[in-house]
Amino acid sequence: MNLRVPKPKNKRLLRYWNNEAVRQFVRFCIVGVLAAGIHYGIYYLLQFFLPLNVSYTVGYLISLVCNFFLTAYVTFRRSPTFGKAFGFGASHLVNYLLHIVFFNMYLYLGVSRYIAPIATMLTAMPVNFLILQRVFMHKKKETSSSNH
């Protein structure tokens, strides 16, 4: 899957666009919006039948699977592997804990149950990008066979 975002016409923006990290971040944001939409849609439907934290968690887990494949193929243009799935899952465990803390904090502060998930996702997104960038762009260090 190859997501092509049009190049900007402005020369200053084009200079930034030529930086692969910037393009990765743009693709990350697009994938994040898709995953957040899946997460929020499932949360919104389930909140009428299940406790809010359970609804939020089920939505998170379903969007997690979609997000993994989109992040691998679209954001970082890498094939998914078990190792990357493990790293992705581990990073999302940390991300999930951030989400649950922020989600409950926003609810506690009186933010609407319809708005709290959106505020949570916006708060956690930059942290998650930095973690995932390390997972998907990690290069194995070559070991030398000589003893020093």
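**Reading a predicted model**

Tutor: Let us begin with Arg77, which is partly exposed, its relative accessible area being 38%. Please bear in mind that this is a predicted model.

Student: Where is Arg77 found?

Tutor: Arg77 lies in the loop between α3 (52–75) and α4 (82–108).

Student: What is the phi of Arg77?

Tutor: Most residues other than glycine have a negative phi. Arg77 is not a glycine, yet its phi is positive, at about 55°.

Student: How should I read a helix, and which residues of α2 are buried?

Tutor: An α-helix has 3.6 residues a turn, so residues three or four places apart point the same way. Helix α2 (residues 20–46) has 27 residues and reaches 38 Å from its first C-alpha to its last, close to the expected 39 Å. Its buried residues include Gln24, Arg27, Phe28, Val31, Ala35, His39 and Tyr43.

Student: Is Asn67 buried or exposed?

Tutor: Asn67, in helix α3, counts as buried because its relative accessibility is 11%, and buried means under 20%. Beyond residues up to four places away in sequence, Asn67 touches Val31, Ala35, Phe88 and His92.

Student: Which residues make up the largest nonpolar core?

Tutor: That core has seven residues: Tyr43, Tyr56, Ile100, Phe103, Tyr106, Ala116 and Met121. Helix α4 gives the most to this core, with three residues. Leaving aside neighbours within four places in sequence, the contacts of Phe103 include Tyr43, Tyr56 and Ala116. A second, separate core of six residues includes Phe28, Phe68, Phe88 and Phe129.

Notes:
Residues numbered from 1 in each chain as written. Predicted model: local features only at pLDDT ≥ 70, side-chain atom pairs only at ≥ 80, totals over all residues. Heavy atoms only, no water. Helix = DSSP H or I, 4+ residues; strand = E, 2+ residues; numbered from the N terminus. Buried < 20%, exposed > 50% of the residue type's maximum accessible area, 1.4 Å probe, protein only. Expected span 1.5 Å × (residues − 1). Contact = heavy atoms within 4.5 Å. Core = buried A, V, L, I, M, F, W, Y, C linked by side-chain atoms within 4.5 Å.
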